[in-house]
Amino acid sequence: MTTTATQDPRETPGAGRPAREHASSGTAGAPGAPGAALAVLPGVLASALAWTDAHRTRFALPDDVLEPHTQVNATLKPLGELAQLGSTIRRTTAPGAPEHELAGDLVAYAWEQLHEGALLLELLRAEPFAAYPYEIYAAFAGYGLRHEGFETLARPLTATRAWAHTEQHANRQLGLVNSERRVGVVTHTDAGGVLSRTWLGGLSEPWMFEGPSGYALTHTVFHLTDWGRMPDRVPGKIDGYLRTWLPAWTDGCLESGQWDLTGELLAVAASLPGPAPAELLDAVWPVLADVQHPTGCVPETGVPVQDPAPDPYPFIDCYHSTLVTAFAAALSLRSLRQTDARTDETTPGRERHTP
């Protein structure tokens with residue numbers, strides 16, 4: 001398998017650092033103790049969200065965000081990711097839980113930064129050919145936050161020939177289809193046809209997996225399942241393919257220190273229909289928990305640092321991987337708990353305990 005290594009693959013996660021008390025070393029190829037994921041996941045989720053909340057002002061938009069020179073990837077993209085992953089965490093966690101409330105607060109903050117959608121309307125007016133304002137808006141619309149003016153303008157734009165024939169990679173087109181579903185309009189094309197043209201939909205040779213194809217397949221699953229909310233949208237052949245090869249791919253990411261992609265693969269594993277892949281989650285989550293800094297942040301790549309400072313990594317190098325870790329942790333908790341609940345209900349003579 002090809003990996004996008006950024007460190008010597010002989011180095012192990014956390015090399016040169018004392019192991020965190022709750023973590024264990026290992027890889028996806030080495031089975032974890034049953035229940036190991038559930039033992040670390042609540043703390044991982046709470047810590048990652050706490051770090052995000054403490055750094056929420058770093059997601060704030062600059063005053064010149066509408067100017068042509070402003071970098072979208074450094075301004076609107078992080079804010080859109082905060083909204084998307086925060087809204088999923090909110091929907092996945094139990095009402096009243098601290099993580100549920102904090103995730104909702106972060107989404108509300110992102111919506112305020114966009115002036116309750118008015119700023120996205122200005123972006124759409126300035127760039128009617130661009131899909132990203134619509135995709136950011138869809139993250140809020142799927143959560144129930146809407147702007148009438150934006151939708152009034154977007155409706156005729158998304159009915160144009162240009163919109164239907166925008167040239168983009170298949171997994172990106174699948175994301176646009178999911179955005180249309182969230183807003184509640186007729187999709188510009190069939191999702192099944194687009195899925196068949198993706199790296200994942202083609203059931204590509206697993207040994208051809210590398211960084212770009214890894215991110216392409218994770219986002220294919222996210223768009224297909226509406227960010228883990230609808231696991232039953234995953235076709236049976238793709239479900240079987242992913243359950244077979246996720247352990248090997250995740251193992252390669254751990255060996256090469258690809259923590260961000262590891263988190264995304266864990267989110268994919270927790271977005272599959274049916275029982276959770278517990279062996280994989282038990283093997284990988286303790287390793288990622290050990291990589292997480294005591295402040296809650298997780299680096300995108302490389303050897304984790306020992307620096308006890310409040311900000312051991314530059315914000316741009318850890319905000320996404322920290323959000324992804326929280327997102328994957330929330331999905332994994334849901335998946336494992338649902339599996340436990342189904343087992344309790346179907347095992348004769350077993351008493352069900354509700355914590």
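Q: Is glutamate 81 buried or exposed, and what is its relative accessibility?

A: Nice place to start, with the reminder that this is a predicted model. Glutamate 81 has a relative accessibility of 14%, so it counts as buried; the cut-off for that label is under 20%.

Q: Which residue does the side chain of glutamate 81 meet in a salt bridge?

A: The general idea comes before the case. Side chains of opposite charge can pair when their charged atoms come close. Here the partner is lysine 77, with 2.7 Å from N to O. Lysine 77 counts as partly exposed, because its relative accessibility is 36%.

Q: How many salt bridges does the count come to, and which residues are linked in a network?

A: The count comes to 10 salt bridges. A network of them links Asp53, Arg56 and Asp105. Arginine 56 counts as buried because its relative accessibility is 18%, while aspartate 53, at 28%, counts as partly exposed.

Q: Let's turn to the fold. How many helices and strands does the protein chain have?

A: There are 14 helices and 0 strands. Of the 355 residues, 53% count as buried. Among contacts with a separation of 6 or more, 74% are between residues 24 or more positions apart.

Q: At what angle do helices H2 and H5 pack, and how far apart are their axes?

A: Two packed helices are described by the angle between their axes and the distance between the axes. Helix H2 (residues 76-92) packs on helix H5 (residues 132-141) at about 30 degrees, with the axes 8 Å apart. That angle makes H2 roughly parallel to H5, the cut-off for that label being under 35 degrees. The crossing of the two is left-handed.

Q: Which residues make the contact between H2 and H5?

A: H2 contributes Leu76, Gly80, Ala83, Gln84 and Ser87, and H5 contributes Tyr132, Ile136, Ala139 and Phe140. By type, the residues of this contact are 6 nonpolar and 3 polar, with no charged ones.

Q: At what angle do H1 and H13 pack, and which residues meet there?

A: Helix H1 (residues 36-54) and helix H13 (residues 278-291) pack at about 35 degrees, and their axes are 8 Å apart. H1 passes H13 in a left-handed crossing. On the H1 side, Ala36, Ala37, Val40, Leu41 and Val44 meet Leu281, Asp282, Trp285, Pro286 and Ala289 of H13. This contact divides into 9 nonpolar residues, no polar and 1 charged.

Q: Which residues of helix H4 are buried, and what covers them?

A: In H4 (residues 118-126), the buried residues are Leu119, Leu120, Leu121, Leu123 and Leu124. Their cover includes H2, H3 (98-113), H5 and H6 (148-157).

Q: What does glutamate 151 touch?

A: Leaving out residues up to four places away in sequence, glutamate 151 touches Tyr137, Arg146 and Val183. Glutamate 151 lies in helix H6, and its relative accessible area is 16%, so it is buried. Valine 183 is 32 residues away along the chain, yet the C-alpha atoms of glutamate 151 and valine 183 are separated by 8.3 Å.

Key: Residues are numbered from 1 along each chain as its sequence is written. This is a predicted model: local features need pLDDT of at least 70, side-chain atom pairs count only at pLDDT 80 or more; totals for chains, interfaces and linings use all residues. Side-chain values use heavy atoms; hydrogens and water are left out. Axes are lines fitted to C-alpha atoms, for helices over the stretch in contact, and angles run from 0 to 180 degrees between N-to-C directions. Helices (H or I, at least four residues) and strands (E, at least two) are DSSP runs, numbered from the N terminus. Angles under 35 degrees count as roughly parallel, over 145 as roughly antiparallel, 65 to 115 as roughly perpendicular and the rest as oblique. A crossing is left-handed if the near helix is turned anticlockwise from the far one by less than a right angle, and right-handed if clockwise. Contact means heavy atoms within 4.5 Å. Ala, Val, Leu, Ile, Met, Phe, Trp, Tyr, Cys and Pro count as nonpolar, Asp, Glu, Lys and Arg as charged, and the others, Gly among them, as polar. A salt bridge is a side-chain nitrogen of Lys or Arg within 4 Å of a carboxyl oxygen of Asp or Glu. Buried means under 20% relative accessible area, exposed over 50%, partly exposed in between (1.4 Å probe, protein chains only).
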